[in-house]
Amino acid sequence: MAVVKLFGAFFSPYAFRVIWALKLKGIPYEYIDEDLRNKSPLLLQYNPIHKKVPVLIHDGKPICESTVILQYIDEIWPQTPLLPADPYDRAVALFWIKFADDKGYLMLKLYQANGEEQQAAVKEWLEMLEVMEEHALIGVKKLFGGDEINMVDIAFSFVAIWLGVLEDILGLEICEPHKFPRVSSWIQNFKSIPVIKDNFPDTDKMSTFLKHGREMMLTSKSN
């Protein structure tokens, strides 16, 4: 059997994308948790361009960038497909995955912002949630793949989980259920999927880690 390894980090939404995909496919793998403040020589060897996680190693060959990894996983292990078979449905799914990838920067922007910068970041989040509410989730039943999770759900997982962690850290409520009922319903459905529930990030550990990092960053800015 081919050897599969995954380099990740406990707080990385992109690493969890790959974890969930591997679990959905039933692919055994070895997980290596990286300290991104002190990156291992292996990580730097396998991803010399971006020097970040996730990196999937399959038969000794590295694949980098979470969306690329997800598409690779779906092609190599076709069981439990993560993308629709119909060409049009597949194109629509890839459009929304690209949209989610393009908005991923909002996590770091919100995390690092304060004062007016924070207000601007919140505004961008609200604009993205409005697009999800009014366009991406129109006609969606439980999940983007209908009753079954697919790659679009995984791509938007930063909204389902990491936004909530940031809201707790910053004392904000951005995704209000009465303003975004479709998004809120999708979040609950996503979190209730057995593979997600059983492989959920440690939000307490993540919150503590991110809170400490933000305090240090803000202190450094003010000095």
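In helix H5 (residues 105-112), Met107, Leu110 and Tyr111 meet Phe158, Trp162, Leu163, Leu166 and Leu170 of helix H8, contact being defined as heavy atoms within 4.5 Å. By class, this contact of H5 with H8 comprises eight nonpolar, no polar and no charged residues; Ala, Val, Leu, Ile, Met, Phe, Trp, Tyr, Cys and Pro count as nonpolar, Asp, Glu, Lys and Arg as charged, and the others, Gly among them, as polar. H5 packs against H8 (residues 157-170) at an angle of about 5 degrees, with the axes 10 Å apart. H5 is therefore roughly parallel to H8 (angles under 35 degrees count as roughly parallel, over 145 as roughly antiparallel, 65 to 115 as roughly perpendicular and the rest as oblique). Axes are lines fitted to C-alpha atoms, for helices over the stretch in contact, and angles run from 0 to 180 degrees between N-to-C directions. Helices (H or I, at least four residues) and strands (E, at least two) are DSSP runs numbered from the N terminus.

The model is predicted, with local features requiring pLDDT of at least 70 and side-chain atom pairs pLDDT 80 or more, whereas totals for chains, interfaces and linings use all residues. Residues are numbered from 1 along each chain as its sequence is written, and side-chain values use heavy atoms, with hydrogens and water left out.

Four strands form an open sheet of mixed pairing in the order E2-E1-E3-E4, where two strands pair if DSSP finds at least two bridges between them. E2 (30-33) and E4 (61-64) stand at the edges with a single partner strand each, so one side of each lacks a neighbour in the sheet. The twist averages 20 degrees from one strand to the next. E1 (residues 4-8) pairs with E2 in the parallel sense over four bridges. H1 lies across E1, E2 and E3 (55-58), running at about 155 degrees to E1.

The protein is divided into domain 1 (4-76) and domain 2 (87-222), with bounds from an automatic or database domain assignment. Between them the domains bury about 1,800 Å², 74% of it on carbon and sulfur atoms; buried area is the accessible area (1.4 Å probe) that two parts lose on being put together, summed over both. Phe10, Arg17 and Trp20 supply 38% of the area that domain 1 buries against domain 2, more than any other three residues.
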